[in-house]
Amino acid sequence: MSSPLSREAVVDSRTQAAALVGTGIGLWFLATLAFLFVGQVLLPPDDGGRVALVFVATVPVMAMLAFAVYSLFDVPPDRRLTAATLLVLPGMVLDAVAVTAFETVFTNMAPSVGSTFGGLLLLAYASVLLTGVVPLTYVGGTDETGRGTAEPVNDGTGERSGNDTMGEG
């Protein structure tokens, strides 16, 4: 199998790559609209419990969303890191601008939650990127390729055996 950074390991086609970038832009737009309408409810400056709940819920929600996109675009497990990167990069660039102008863009949220919002965005993007390197499930002792999920073992030759989380085998 090719290296995950080789030309062959890039997402199957330019069309698929463009679709992932477009999906990333679309999801960024929808998330931005959501925070424009309900951001003050999700991140109130005086309710640390609610903010903590939003942070905790963000990880599984973003992971499920990423896996749904991989399924929609038939992204094989060894290409998910590339797919995750294509999915999040547009939003990261756009959010860099939006967060810089937080008080102007997100007028519904208290200025004091700007850094909290930035942290939430970092967590959301990190959650999606992690789906590119962590197998979907370990249930039943196999990953989604049907192979066992035993940890790679060094047999003394410098070669690793077992599953490799980066898609090399």
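This is a predicted model: local features need pLDDT of at least 70, side-chain atom pairs count only at pLDDT 80 or more; totals for chains, interfaces and linings use all residues.
## Overall architecture

The protein chain contains 5 helices and 2 strands. Read from the N terminus, its elements follow the order α-α-α-α-α-β-β. Among the contacts with a separation of 6 or more, 67% link residues 24 or more positions apart.

Of the 169 residues in the protein chain, 31% are buried. The accessible surface amounts to about 9,700 Å², and carbon and sulfur atoms account for 67% of that area.

## Confidence of the model

The mean pLDDT of the protein chain is 82, with 73% of its residues at 70 or more. Confidence is highest in α5, where the mean is 97, and lowest in strand β1 (residues 153–154), where the mean is 43.

Two stretches with pLDDT under 50 deserve mention. One covers residues 138–142, for which the model has 8 contacts beyond four places in sequence. The other covers residues 148–169, for which the model has 31 contacts beyond four places in sequence.

## The nonpolar core

The largest nonpolar core comprises 25 residues, and the members that touch the most others are F35, L43, Y70, F106, M109, F117 and V128. Two or more residues of this core come from each of α1, α2 (48–72), α3 (80–100) and α5 (114–131). The greatest contribution is that of α2, with 6 residues.

The surroundings of F35 can be given residue by residue. Leaving out residues up to four places away in sequence, F35 touches L42, L43, F106, N108, M109, F117 and L120.

S127 is located in helix α5. S127 counts as buried because its relative accessibility is 6%, and the cut-off for a buried residue is under 20%. Once neighbours within four places in sequence are set aside, the contacts of S127 are with V59 and M62.

## A nonpolar surface patch

On the surface, L36, F37, V38, V41 and V105 form a nonpolar patch with about 400 Å² of accessible area together. Helix α1 (residues 14–42) supplies the largest share of the patch, 4 residues.

L36, one of the patch residues, lies in helix α1. Its relative accessibility is 31%, and L36 therefore counts as partly exposed, a class that lies between the 20% and 50% limits.

Technical notes. Residues are numbered from 1 along each chain as its sequence is written. Side-chain values use heavy atoms; hydrogens and water are left out. Patches are made of residues with over 30% relative accessible area and no salt bridge: like charges are joined within 9 Å, nonpolar side chains (Val, Leu, Ile, Met, Phe, Trp, Tyr) within 5 Å. Accessible areas come from the Shrake-Rupley method with a 1.4 Å probe; for residues, only the protein chains shown count as cover. A salt bridge is a side-chain nitrogen of Lys or Arg within 4 Å of a carboxyl oxygen of Asp or Glu. Buried means under 20% relative accessible area, exposed over 50%, partly exposed in between (1.4 Å probe, protein chains only). A nonpolar core is a set of buried Ala, Val, Leu, Ile, Met, Phe, Trp, Tyr and Cys residues joined through side-chain atoms within 4.5 Å. Contact means heavy atoms within 4.5 Å. pLDDT is the predictor's confidence in each residue, from 0 to 100.
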